[in-house]
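Please look over the structure shown here. The report that accompanies it is meant to be read alongside the sequence.

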Amino acid sequence: MSPRTVSLRQARTDYLSYKRRNNKDSTVRYYESVLRGFIQYCEEEHTVTHVNEIDGYLIQQWQIYRQQEDNVAPITLKNNTKHLIVFLKWCASSELLPPDLPGKVDVPNVSKEDTRSDETVDKQRVDKILDYLELYEYASRLHAAVKVLWHTGCRISALIALDLRDMDPLEGILKFRNRRDSGTALKNGAKSERNVTVDSETMDVLVAYKRMKRPEVNDDEGRNPLFTTKNGRVNRQSVYKDFVGVSRPCVYTEECPHNRDLDECEATKKAKAFGCPSSKALHPIRRGSITYHLKQDWPVEKVSQRCDVSVSVLEDHYDVRTEEEKRAGRADLVDKL
């Protein structure tokens, strides 16, 4: 039986609807991003518009294009390919492709060094950003969010999942809970649930934000989110845009490390902040926080529990300490031998 003739765009729509049944929005967005790029490549470079036109040669050419033209990192190409294969398997199971095609796709081999991203926000930079927020935006949503992200090393999905009931000012605790059924799943489901102790300074900012700046609204599920907009629970895009804006050095130092004229630079506009070469996304805060915990001689196992990351992933992807810093962290243990 020949495969059905279905357009790439229709297949993508149907596939994403299927993925939404059992996956977080962030996971679906990633699949959507990979497929958008793949379909654009098929249409523009090969005039391929239907699923049954996909073959091994086309996929190989897409991989080469991603590597040479888009200049993506090896780990990015590997992950993109793995996500594309999942889509191809769905197409095959839906009788849109030959059943053996997904298994023929080669996933690029990546060295351990290439799996690590060194992009981070270190303590010195975070301190400057927090000093700026302390002075000019005290107890704002952004101020409170950056304090929590840095101090706990949590994911952005965990931050926006927090409810008011998850904050215990008297005990100095934030409670991360998986509530998939009401719209806020944690990365690893129930395994991600944990109580995290925060310092008094972070809790003071959270309490001040709750009392003075937080819009008193519920989300669509009737819950009371900790971080809100006037319309309900804050989303990751809002926190991302806010942080990218404040992460520009010209904001907290009034100087440009790239020697740009601040009166003429487009990136000084908040809407164009991503155009600043020094602006940062949110994930580097998590990497910087985890590294800082380790540099303060926190045991790897404790950081793993606090930040909800396995020891193996932590060591392979997040630990950017130098070998000398790792040795110094072990030095005090010698006397216990």
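The model is predicted.

**Second largest pocket**

The second largest pocket has a volume of about 610 Å³. Its lining is made up of 27 residues. Those that lie nearest the centre of the pocket are D25, I160, G183, T184 and R233. Four elements are named as giving two or more residues to this lining: α2 (25-46), α8 (156-161), β5 (232-233) and α10 (236-246). By residue class, the lining divides into four nonpolar, twelve polar and eleven charged residues. Both domain 1 (8-110) and domain 2 (123-247) take part, each supplying at least three residues to the lining of the second largest pocket.

**Three-stranded sheet**

An open sheet is formed by three strands in the order β1-β2-β3, with antiparallel pairing. β1 (167-168) and β3 (194-197) are the edge strands; each has a single partner strand, so one side of each lacks a neighbour in the sheet. Strands of a sheet pair through backbone hydrogen bonds. β1 and β2 (residues 173-176) run antiparallel and are joined by two bridges. M167 has L174 in β2 as its bridge partner.

In soluble globular proteins, nonpolar side chains tend to be buried together.

Where do S140 and P102 sit? S140 is in the loop between α6 and α7, while P102 is in helix α5 (residues 101-104). The cut-off for buried is under 20% relative accessible area. S140 has a relative accessible area of 12% and therefore counts as buried. P102, with a relative accessible area of 5%, is buried as well.

The table lists a C-alpha separation for each of these residues.

| Residue pair | Separation along the chain | C-alpha to C-alpha distance |
|---|---|---|
| S140 and V205 | 65 residues | 8.6 Å |
| P102 and A92 | ten residues | 7.8 Å |

How values were computed. Residues are numbered from 1 along each chain as its sequence is written. This is a predicted model: local features need pLDDT of at least 70, side-chain atom pairs count only at pLDDT 80 or more; totals for chains, interfaces and linings use all residues. Side-chain values use heavy atoms; hydrogens and water are left out. On a 1 Å grid over the protein atoms alone, a cavity is a set of points where a 1.4 Å probe fits but cannot get out, and a pocket is an open set with protein on both sides within 12 Å along at least five of seven lines; lining residues have an atom within 4 Å of a point. Grid points are joined across faces, edges and corners, and a volume is the space filled by probe spheres set on the points. Ala, Val, Leu, Ile, Met, Phe, Trp, Tyr, Cys and Pro count as nonpolar, Asp, Glu, Lys and Arg as charged, and the others, Gly among them, as polar. Domain bounds come from an automatic or database domain assignment. Two strands pair if DSSP finds at least two bridges between them. Buried means under 20% relative accessible area, exposed over 50%, partly exposed in between (1.4 Å probe, protein chains only).
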